[in-house]
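Dear colleague,

I am passing on the model we spoke about, and my notes on it follow below. Please read them with the structure open beside you.

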Amino acid sequence: MSTSTIAQAKISALQHPISALEDRPSLSAADLKAYFDGNPQQLMQAHNTLVDALSSPAAAENIGFAPVSGITGSNIQSALENVHQQLNDVALNAVPDASITTQKLSADIQQQLALLSALQTSVAQLQTAVQAIHPFCAQFPLMLLVTSDQCDPNAKDELATAALGLHYRSGVHDLGIQLSWLCQWKGETLPSSDFCSKQNFSEIISDRTTIDEIANLPVVYSLISMSAEASRSYRLSVEA
């Protein structure tokens, strides 16, 4: 196997420059011919060395590469290995950080992200408005937002689901009070004081008394039905 490298093919200077000869060279005919053949032979040797180097499996390591966005490496070999690793990561569902931009997502996902951003802005604005109207109520804003005339109709289900704590079950505190306010604002049956004392959804469905009470609270039952997760938890609690 050839061990030639691309760098070895570099010619810094000709070994037999014609300009170095005297005007009347004191060389024999054979030596003069050999002198004139020296440059082509040097070029041929450098050319063959370059061909051997480029034909070698290690050639890619000796060809430089300027890193581009998403691909690292100082030569072609390392850049190809980096691309190969990224493809393997994708196949194994280990997508490299920051490799998927918004432009690579489907139009539907981009629309959902835009809607989420708008909802976050709306929630912040409504929380500020609620704080200005009644500072105490700002501690329990979600149910107020759901029933507020200022709430975007398209956002009501998402906010109500968040209020119920389906995705943040352990972090939604005083949920019983929030659900009580919702029943009051909707003119429905009010839950018991025991129900109102529950901190989160898990506490509500873990108590036989309050789980039975949900059947008489249409608004609360409707919220639970919004999520397959909550509905399943509720059903299992009822059947227990």
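Does serine 237 count as buried or exposed? At 16% relative accessibility, serine 237 counts as buried, where buried means under 20% relative accessible area, exposed means over 50% and partly exposed is what lies in between, with a 1.4 Å probe and protein chains only.

Before going further, please note that this is a predicted model, in which local features need pLDDT of at least 70 and side-chain atom pairs count only at pLDDT 80 or more, while totals for chains, interfaces and linings use all residues. Residues are numbered from 1 along each chain as its sequence is written, and side-chain values use heavy atoms, with hydrogens and water left out.

Overall architecture

The chain contains 11 helices and zero strands, these being DSSP runs numbered from the N terminus (helices H or I, at least four residues; strands E, at least two). Read along the sequence, the pattern is accordingly α-α-α-α-α-α-α-α-α-α-α. Of the 240 residues in the chain, 30% are buried. Where contacts in the chain have a separation of 6 or more, residues 24 or more positions apart account for 43% of them, a contact being heavy atoms within 4.5 Å.

Helix α6 (residues 175–185) is largely enclosed by the rest of the structure, because eight of its 11 residues are buried; the buried residues are Leu175, Gly176, Gln178, Leu179, Ser180, Trp181, Leu182 and Cys183. After α6 comes glycine 187, whose phi is positive, near 70 degrees.

The axis of α6 comes within 9 Å of the axis of helix α10 (residues 218–225), and the two cross at roughly 120 degrees. The axes are lines fitted to C-alpha atoms, for helices over the stretch in contact, and the angles run from 0 to 180 degrees between N-to-C directions. On the α6 side the contact is made by Leu179, Leu182 and Cys183, and on the α10 side by Val219, Val220 and Leu223. By class, this contact of α6 with α10 has six nonpolar, no polar and no charged residues, with Ala, Val, Leu, Ile, Met, Phe, Trp, Tyr, Cys and Pro counted as nonpolar, Asp, Glu, Lys and Arg as charged, and the others, Gly among them, as polar.

The nonpolar core

A nonpolar core is taken here as a set of buried Ala, Val, Leu, Ile, Met, Phe, Trp, Tyr and Cys residues joined through side-chain atoms within 4.5 Å. The largest one has 17 residues, of which Leu179, Phe195, Phe201, Ile204, Ile214, Val220 and Ile224 touch the most other members. At least two residues of this core are supplied by each of α6, α8 (201–205), α10 and α11 (228–239).

Cysteines

A search of the whole structure finds zero disulfides, a disulfide being a pair of cysteine sulfur atoms within 2.5 Å. Cysteine 183 is therefore in no disulfide, and the nearest cysteine sulfur, that of cysteine 196, is 8.4 Å away. Cysteine 183 is also buried, with a relative accessible area of 0%.

Individual residues

Serine 237, with which these notes began, is found in helix α11, and, leaving aside its neighbours within four places in sequence, is in contact with Ile205, Arg208 and Ile211. Serine 231 also lies in helix α11, but is partly exposed, with a relative accessible area of 28%; its C-alpha is 9.0 Å from that of tyrosine 221, 10 residues apart in sequence.

Leucine 217 sits in the loop between α9 (208–213) and α10 and is buried, with a relative accessible area of 1%. Leaving aside neighbours within four places in sequence, leucine 217 is in contact with Cys183, Thr189, Leu190, Pro191 and Phe195.

Asparagine 200, in the loop between α7 (193–196) and α8, counts as buried at 11% relative accessibility. The C-alpha atoms of asparagine 200 and histidine 173 are separated by 5.5 Å, although the two are 27 residues apart along the chain.

Finally, glutamine 42 has its place in helix α1 (residues 29–55) and counts as buried at 10% relative accessibility. Not counting residues up to four places away in sequence, glutamine 42 touches Ile11, Ala13, Leu14 and Gln15.

With best wishes
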